[in-house]
Amino acid sequence: MSGINDFADIKVEDLNLWYGSNQALQDINIKIPSKSVTALIGPSGCGKSTFLRCINRMNDLIKVCHIEGRVKIDNKNIYDEDVDVVELRKRVGMVFQKPNPFPMSVYDNIAYGPKIHKVSKKDIKGIVDKTLQDSALYGEVSDRLDSSALDLSGGQQQRLCIARTMAVEPEIILFDEPCSALDPISTNKIEDLILKLKEDYTIVIVTHNMQQAARISDYTAFFLMGEIIEFGETNQIFENPEEKRTEDYITGRFG
Amino acid sequence: MFHRKLKEKGIEISLFLAAATTVVVLLFICIFLFRDGYLLFETSSFTGFITGSSWYTASTPPRFGILPLLFGSFLVTAGAIAIAVPLGVAAAIYISELASPKIADLLKPFIEILAGIPSVVYGFFGLVVLVPLIKDIFDIPTGQTALTGSIMLAMMALPTIISISEDAINAVPQALKEGSLALGSTLWQTIYKVTLPAALSGISAAVILGVGRAIGETMTVLMVTGNMAIIPGFPEGFLDPVRTMTATIALEMGEVPKGSPHFHALFAVGSVLFITTFIINMVADKIKRKYKLKEGL
């Protein structure tokens with residue numbers, strides 16, 4: 001693991017995860033650098049999404065899920081007893097595979113997060129404008145902030161979900177295959193957005209699309225059967241992988 | 001060959017007849033109900049029936065004003081809904097969002113059993129347990145009141161409201177709830193601000209079906225509401241005896257001579273009841289359909 005600075009926003013130590021008696025993650029150790037894009041790649045069912053959902057404790061919702069090990073953000077284990085999950089999820093945002101805007105207006109979708117975190121009404125207006133601009137959605141939806149978010153196109157909906165996440169001002173944003181339900185043009189827009197976002201946020205993205213990982217990520221982790229096989233700078237992983245299995249996957253020999 | 005075709009055709013026709021029976025039965029009910037109801041207006045006026053405030057069947061001439069009965073039904077139903085909706089929706093939220101699968105599995109059969117109890121048993125329970133209780137609590141001459149009927153009807157409407165609300169809440173995509181939780185909202189904020197609004201049309205359908213169930217219920221209300229045909233006040237009328245449309249028909253139908261004005265008046269009341277429940281069911285169906293389309297189910 002060369003080329004990774006010592007300071008890491010997310011440090012994962014000896015993470016093991018079981019669904020019932022079925023082990024889904026095995027001895028995960030990884031340091032995810034801050035203000036960069038880290039891609040998680042690997043075949044279906046390799047545990048990359050499961051791992052992603054460990055970082056904001058979304059797996060808490062699954063009753064049979066059992067976790068051992070530590071996930072440290074700013075050197076604080078988020079699985080400690082005294083951690084407030086609500087506070088954690090405010091710091092660690094998440095964008096999902098399928099766009100999931102709330103069945104309310106475009107404005108209310110973005111205002112939802114600030115509202116539940118007790119931001120005052122007049123500040124919310126500013127937040128909505130700013131996040132819409134930052135998510136490059138403003139020009140497309142500024143004249144229909146009051147119409148239902150469900151009327152937007154799939155790509156716009158996904159950018160709205162990103163804007164919604166940004167409105168809570170997280171430090172980390174997790175993307176779980178954000179483009180898998182989108183057409184190439186929408187995908188392109190989201191990728192541009194992610195590249196812009198890494199100036200301010202630490203980004204972890206699960207993707208099935210190898211070209212996408214190569215295009216937008218600084219670091220790449222290759223998952224296989226619940227283990228991290230290789231982790232390093234994206235250039236190195238794609239051009240000169242140390243592991244045979246990584247090379248086989250990247251060149252399309254399996255998966 | 002010919003024989004087999006004949007047999008196939010025969011089976012098809014008999015199945016069609018079985019299915020057609022329901023339509024025919026409904027048709028005949030409509031015809032007889034409306035025809036016999038309409039015959040009332042040969043001896044007394046339609047406006048007198050619709051706007052009349054007294055139901056004196058034994059006076060000369062008899063007065064058949066439906067308002068006391070209509071308001072009686074509405075009052076008892078409104079009370080039942082006011083009790084059953086908060087309870088039912090709360091129970092549905094608990095079962096679908098909060099309870100562990102074990103507890104949910106334990107609760108559901110009980111709710112189903114509640115739906116299966118015959119209404120006369122509810123009425124009996126109300127008469128023996130609730131009526132004296134209401135009398136004591138409010139210190140009134142009789143415990144047979146609109147409120148008593150409302151409470152009993154609420155119990156009876158609960159299973160409908162719970163199970164349909166629960167379906168509606170379960171139909172809200174998990175992705176929406178996760179989206180809300182991922183923004184750092186609590187489980188309760190998610191339920192209140194995302195899940196319930198998204199399930200609202202389904203819950204409204206549940207409420208309206210509950211209304212339909214309550215307004216058409218006969219035996220229980222007849223046993224616990226005291227059956228006094230006077231226009232109830234609001235809200236103090238909840239502590240007075242009332243008489244509903246259904247109870248009136250059930251009480252008086254056995255005693256009237258066939259073909260008399262009183263006989264036709266009861267049919268007219270039945271027609272009003274029929275039209276009311278028909279509209280309620282249609283509205284509930286419309287809402288349910290709309291929400292199924294919206295959810296893409």
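In chain B, 75% of the contacts with a separation of 6 or more are made by residues 24 or more positions apart. The model is a predicted one, and everything below should be read with that in mind. Buried residues account for 41% of the 297 residues in chain B. Along the principal axes, the C-alpha trace of chain B spans about 80 × 75 × 35 Å.

Chain B splits into domain 1 (2-42) and domain 2 (69-295). The C-alpha centres of these two domains of chain B are 32 Å apart. Where they touch, domain 1 of chain B supplies six residues and domain 2 of chain B supplies eight residues. On the domain 1 side of that contact there are four nonpolar residues, one polar and one charged.

Within chain B, one helix pair can be followed in some detail. Helix α4 (residues 101-116) of chain B and helix α6 (residues 146-170) of chain B have axes that come within 8 Å and cross at roughly 140°. The two helices, α4(B) and α6(B), are therefore oblique to each other. Their crossing, α4(B) over α6(B), is left-handed. From α4(B) come B:I111, B:E112, B:L114 and B:A115, and these meet B:L158, B:P159, B:I162 and B:S163 of α6(B). Sorted by class, the contact of α4(B) with α6(B) holds six nonpolar residues, one polar and one charged.

Turning to the interface between the chains, 14 residues of chain B are in contact with 19 residues of chain A. On the chain B side, the elements giving two or more residues are α7 (174-182) and α8 (187-198) of chain B. Of the elements on this side, α7(B) gives the most, with six residues. The side of chain B that touches chain A is made up of eight nonpolar residues, five polar and one charged.

Helix α8 of chain B also holds B:T195. This threonine, B:T195, has 23 C-beta neighbours inside 10 Å and so counts as buried. Setting aside residues up to four places away in sequence, B:T195 touches B:E97, B:I169, B:V172, B:K177 and B:T190. The C-alpha atoms of B:T195 and B:L176 are separated by 7.8 Å, although the two are 19 residues apart along the chain.

Over in chain A, helix α3 (residues 106-116) is largely enclosed by the rest of the structure, because eight of its eleven residues are buried. The buried residues of α3(A) are A:V106, A:N109, A:I110, A:A111, A:Y112, A:G113, A:P114 and A:I116. Who does the covering? For the buried residues of α3(A), the cover includes α4 (121-134), α5 (138-141) and α6 (154-166) of chain A, together with α8 of chain B. Just past the end of α3(A), A:K118 takes a positive phi of about 65°.

One of those covering helices, α6(A), packs against α3(A) with axes that come within 7 Å and cross at roughly 30°. The crossing of α3(A) and α6(A) is right-handed. On the α3(A) side the residues are A:V106, A:N109, A:I110, A:Y112 and A:G113, which meet A:L160, A:A163 and A:R164 in α6(A). By class, the contact of α3(A) with α6(A) has five nonpolar residues, two polar and one charged.

Further along chain A, helix α7 (residues 184-197) contains A:E191. This glutamate, A:E191, has 20 C-beta neighbours inside 10 Å and so counts as buried, with 20 or more being the cut-off for that label. Apart from its neighbours within four places in sequence, A:E191 is in contact with A:Q212, A:R215 and A:I216. The C-alpha atoms of A:E191 and A:C179, which sit twelve residues apart along the chain, are separated by 8.7 Å.

How values were computed: Residues numbered from 1 in each chain as written. Chains lettered and ligands numbered in written order. Predicted model: local features only at pLDDT ≥ 70, side-chain atom pairs only at ≥ 80, totals over all residues. Contact = placed C-beta atoms within 7 Å. Helix = DSSP H or I, 4+ residues; strand = E, 2+ residues; numbered from the N terminus. Nonpolar A, V, L, I, M, F, W, Y, C, P; charged D, E, K, R; others polar. Buried ≥ 20, exposed ≤ 12 C-beta atoms within 10 Å, placed from the backbone. Domains from an automatic or database assignment. Axes fitted to C-alpha atoms, helices over the stretch in contact; angles between N-to-C directions. Parallel < 35°, antiparallel > 145°, perpendicular 65-115°, else oblique. Left-handed = near helix turned anticlockwise from the far one by under 90°.
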